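Please read it beside the coordinates.

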Amino acid sequence: FMTLPLRVSLNAMHSRLSDEKNVNVQSLGLLHSGSYDVLIESDSIDGEATYSHSRQLSEKLMLTTIDQVLKFPFYYKGFEKELATFSYAKLVIDEIQAYDPHIAAMLIKAIELIDLMGGKVLVMTATLPKLYMETIQSKNVLPPGSYEYARFANDELKRHRYILENVSLLQLSDAIVEDGKHKKVLVICNTVDQAIRMYQTLQKTMKD
């Protein structure tokens, strides 16, 4: 199970993984609140069957949101199906920092129950909120030695480089256009009006 907070990210991943000219993963499921329409649109013949298999959690690789598969800590009627499935599955929770802190308790309890059932969980994030590890350690959510907390393989690598320019953004239009000839450039402005002025300036610079 691969979970992400954004449906658009799941849709894009499903498109790449299912592409016959790309990864071409077989038995690939997609499950979120709008997955039916996505599957029918991408495959009018087998989309209905894929959606049905996804609802039953029976595809070998499932792309889904946490609200579809990790709400069993509330012990609603029929929660046993999801929990039993995770007893022999591997769950990846990506971008955990993007979730509302109010549902952190549900995530922590879900991880605890999956561990008790013998399942495996991998949490991936570049910015893990302290709330999770502090709670897991202070409340003994997971037995000592049953989990591993690892950082980046090379934490000394400089991932971001920046230069401060003591001029207006509009005055950098020439440099932005030149950089744009051989790489992607993202220009972020603080206001809509400034963005419009920047757009007009870049247009004029490109024409000149």
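1. How much space lies in the second largest pocket? About 360 Å³. This is a predicted model, in which local features need pLDDT of at least 70, side-chain atom pairs count only at pLDDT 80 or more, and totals for chains, interfaces and linings use all residues. Residues are numbered from 1 along each chain as its sequence is written, and side-chain values use heavy atoms, with hydrogens and water left out.

2. The second largest pocket is lined by 15 residues, and S18, V25, L28, D43 and T50 are the closest to its centre. Two or more lining residues come from each of α1 (7–18), α2 and α3. By class, the lining of this pocket has three nonpolar, eight polar and four charged residues.

3. The largest pocket has a volume of about 790 Å³. Its lining counts 25 residues, with L122, V123, E148, Y149 and A150 the closest to the centre. The elements that give two or more residues are α6 (104–117), β5 (120–124) and α7 (130–138); the largest share, five residues, comes from β5. The classes here are 16 nonpolar, four polar and five charged.

4. Pockets are open sets of points on a 1 Å grid over the protein atoms alone, where a 1.4 Å probe fits, with protein on both sides within 12 Å along at least five of seven lines; lining residues have an atom within 4 Å of a point.

5. In α3 (residues 47–55), G47, T50, Y51 and S54 are buried (under 20% relative accessible area, 1.4 Å probe, protein chains only). They lie on the same side of α3, because they cover an arc of only 100° around the axis. The buried residues of α3 pack against β2 (28–31), α2 (35–42) and β3 (61–64), with contact meaning heavy atoms within 4.5 Å.

Key:
Buried means under 20% relative accessible area, exposed over 50%, partly exposed in between (1.4 Å probe, protein chains only). Helices (H or I, at least four residues) and strands (E, at least two) are DSSP runs, numbered from the N terminus. The arc is that of the directions from the helix axis to the C-beta atoms. Grid points are joined across faces, edges and corners, and a volume is the space filled by probe spheres set on the points. Ala, Val, Leu, Ile, Met, Phe, Trp, Tyr, Cys and Pro count as nonpolar, Asp, Glu, Lys and Arg as charged, and the others, Gly among them, as polar.
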